[in-house]
Amino acid sequence: MINLFLDTNVVMDLLLKRQHFYMDAANIFALAAINKVALFASPMTYATASYLIGKNNPALIKPSLRSLRTISGVTSADQRIVDQALDADFNDYEDALQHFSALTKDIDYIITRNIKDFTNSQVEVFTPHDFLEKIQNKQ
């Protein structure tokens, strides 16, 4: 099975049904529903999702996060991850945290809409659209 780490923007595309991005995110989650891929997100993604969902509808925070949790695993974020991110050559600290958190699992690919934020990634990075094309071309 292919293990995917989802950057926060991809998770939010799904949860907030963001125009132009929702379908690709939904298709990735659909692959997980049929056990073609395993999904992972970081604890930071859950915190950000809570904040963004709560801005519009606080009652949806826990149901949305529970739904996310049923279909995805959670990576770790501890002192070691914080230190690695501080020492890393990433332009954005939050992206460095996401990256090193992803490495706590056996991640094959990072999926993000902001590929340039992960130029120093230790694993291959795809946009949702490009990953879906890659998978389709393999079948």
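The model is predicted, so local features need pLDDT of at least 70 and side-chain atom pairs count only at pLDDT 80 or more, while totals for chains, interfaces and linings use all residues. Residues are numbered from 1 along each chain as its sequence is written, and side-chain values use heavy atoms, with hydrogens and water left out.

- Helices (H or I, at least four residues) and strands (E, at least two) are DSSP runs, numbered from the N terminus. Two strands pair if DSSP finds at least two bridges between them.
- E1 (residues 2–6) and E2 (residues 37–41) are joined in the parallel sense by 4 bridges. Across this pairing, asparagine 3 sits opposite alanine 38, and leucine 4 sits opposite leucine 39.
- E2 also pairs with E3, again in the parallel sense, over 3 bridges. Alanine 41 has valine 74 in E3 as its bridge partner.
- As background, strands of a sheet pair through backbone hydrogen bonds, either parallel or antiparallel.

- E2 is mostly covered, with 5 of its 5 residues buried. Buried means under 20% relative accessible area, exposed means over 50%, and partly exposed is in between (1.4 Å probe, protein chains only).
- Val37, Leu39 and Ala41 point one way from the strand, Ala38 and Phe40 point the other way, and all are buried.

**Helices on the sheet**

- H2 spans 12 residues and reaches 16 Å from its first C-alpha to its last, close to the 16 Å expected at 1.5 Å a residue. The expected span is 1.5 Å times one less than the number of residues.
- The buried residues of H2 are Ala25, Ala26, Ile28, Phe29, Leu31 and Ala32. They pack against E1, helix H1 (8–15), E2, helix H4 (61–71), E4 and H7, where contact means heavy atoms within 4.5 Å.
- An α-helix has 3.6 residues a turn, so residues three or four places apart point the same way.
- After H2 comes asparagine 35, with a positive phi near 60 degrees.

- A polar atom of the serine 72 side chain lies 2.8 Å from the backbone oxygen of leucine 68. For a polar contact, N or O atoms must be within 3.5 Å; within protein, one must be able to donate a hydrogen and the other to accept it, and residues adjacent in sequence count only if both atoms are side-chain atoms.
- Leaving out residues up to four places away in sequence, serine 72 touches Leu39, Phe40 and Tyr46.

**Salt bridges**

- The count comes to 3 salt bridges, each a side-chain nitrogen of Lys or Arg within 4 Å of a carboxyl oxygen of Asp or Glu.
- Aspartate 13 meets arginine 18 in one of them, at 3.2 Å from N to O. Aspartate 13 is buried at 1% relative accessibility, whereas arginine 18 is partly exposed at 25%.
- Aspartate 13 also bridges to arginine 113, with the closest N and O atoms 2.6 Å apart. Aspartate 13 is in helix H1 and arginine 113 is in the loop between E4 and E5, so this pair ties together parts that are 100 residues apart in sequence. Arginine 113 counts as partly exposed, at 27% relative accessibility.
- The side chains of lysine 116 and aspartate 117 form a salt bridge at 3.5 Å, N to O. Lysine 116 is exposed at 61% relative accessibility, and aspartate 117 is partly exposed at 23%.
- Through shared partners, salt bridges link Asp13, Arg18 and Arg113 into one network.
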